[in-house]
Amino acid sequence: MDSPDMLTSSNSNAESHDSENTQPPAQDAEDYTDLQEQVIANFQKPNLPNVNVPEHIVFCLDICHDNPNSLYRLGDGTTFTPINMFKRVLDFFLYSKHAINRHTEFALLAMKDTEALWLHNFTNNLKEIINTIDYINPEEGTSETFDFKKVIQILKQKIEIPEYKQSECIVPPPYVVRMIVLYGRSSCLPLIPQEDPYFISLKKQMYFYIDILLAHEEDCALYKCEDIYDALQDLDDGYSYVYEVSRNATKIHDCIAKLLAHPLQRPLQKNTDYSFGSRSNF
């Protein structure tokens, strides 16, 4: 696509005055270019049915903390520890997602200091899953690394992903599977098993998604926040939504709300636009 400068240079001197009158404003041209790139990127996504089929969502919840005195503070002065803030936003997510599609099922997997533990099987009974989350107690994180291979091994045993068939790509699957990783440590580096055969196959599944919410300590200079964020990127297969937030109560609620979007109906994360109002006509 020619830019406005290129279009101007290609016109003759005799037409220069008309070009000035007909050239779109620079901002409009930039917006049009961005929109064109978004459309092209979304066309490059796999040809999947754009249908709100039920989801099987696994919450992969980090129950360890680096600093027991670290707090989130609401506008009214109420404070929450990191694990209690995770519980709060998960309650919001569960009730909201259930209201959108009552056939959505939820399961819970906990990341302990060095181990992963499956806590609850898939269910659409909100009371059951919320009770399990509420009874979780935080643990002090002492390890410098957490091996996600242990999470992947549990997924291999516990989840079943619908088969994608190219010949039937327009036929909605019975459900899709999504793992939402809520990682709360700022000193423990996640190790992603890039060479694990099952993990490699997971990243190729059309009906499996991994989303990530990293909630880290405020002063990243004292921790490994950036390294942890970079490491978690290795979970992304190109269609994940990845967010990071420090001890900001408003932002963590915003992030969990953005994860309500259905994987089959949302654009690529880089093309999302949460602003209000309509775009200018081009």
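**Close-ups of rings and cores**

By the ring-centre rule, the count comes to seven aromatic pairs. Keep in mind that this is a predicted model.

**View 1. Phe59 meets Phe93 edge-to-face.** The ring centres of Phe59 and Phe93 sit 5.6 Å apart with the planes at 85°, so we call this pair edge-to-face. Phe59 belongs to strand E1 and Phe93 to helix H4 (residues 82-100), so the pair ties together parts 34 residues apart in sequence.

**View 2. Tyr164 and Tyr207 pair up between two loops.** Here the centres are 5.8 Å apart and the planes at 70°, so this one is edge-to-face too. Tyr164 comes from the loop between H6 and E9, Tyr207 from the loop between H7 and E11, and 43 residues separate them. Tyr164 is partly exposed, at 21% relative accessible area, whereas Tyr207 is buried, at 2%.

**View 3. Arg266 lies over the face of Tyr241.** The distance to the ring centre is 4.0 Å.

**View 4. The largest nonpolar core has 39 residues.** Phe148, Val151, Leu155, Val181 and Tyr183 touch the most other members. Elements that each supply at least two residues of this core include strand E1 (55-62), helix H6 (149-158), strand E9 (176-183) and strand E11 (208-215). Leaving aside residues up to four places away in sequence, Val181 touches Cys60, Met111, Phe148, Ile210, Asp211, Ile212, Leu213 and Leu235. Apart from this core lies another, of 35 residues, with Leu61, Leu74, Leu94 and Ile133 among them.

Terms used
Residues numbered from 1 in each chain as written. Predicted model: local features only at pLDDT ≥ 70, side-chain atom pairs only at ≥ 80, totals over all residues. Heavy atoms only, no water. Core = buried A, V, L, I, M, F, W, Y, C linked by side-chain atoms within 4.5 Å. Buried < 20%, exposed > 50% of the residue type's maximum accessible area, 1.4 Å probe, protein only. Helix = DSSP H or I, 4+ residues; strand = E, 2+ residues; numbered from the N terminus. Contact = heavy atoms within 4.5 Å. Phe/Tyr/Trp six-rings, centres within 6.5 Å; stacked < 30°, edge-to-face > 60°. Lys NZ or Arg CZ within 6 Å of the ring centre and 35° of its normal.
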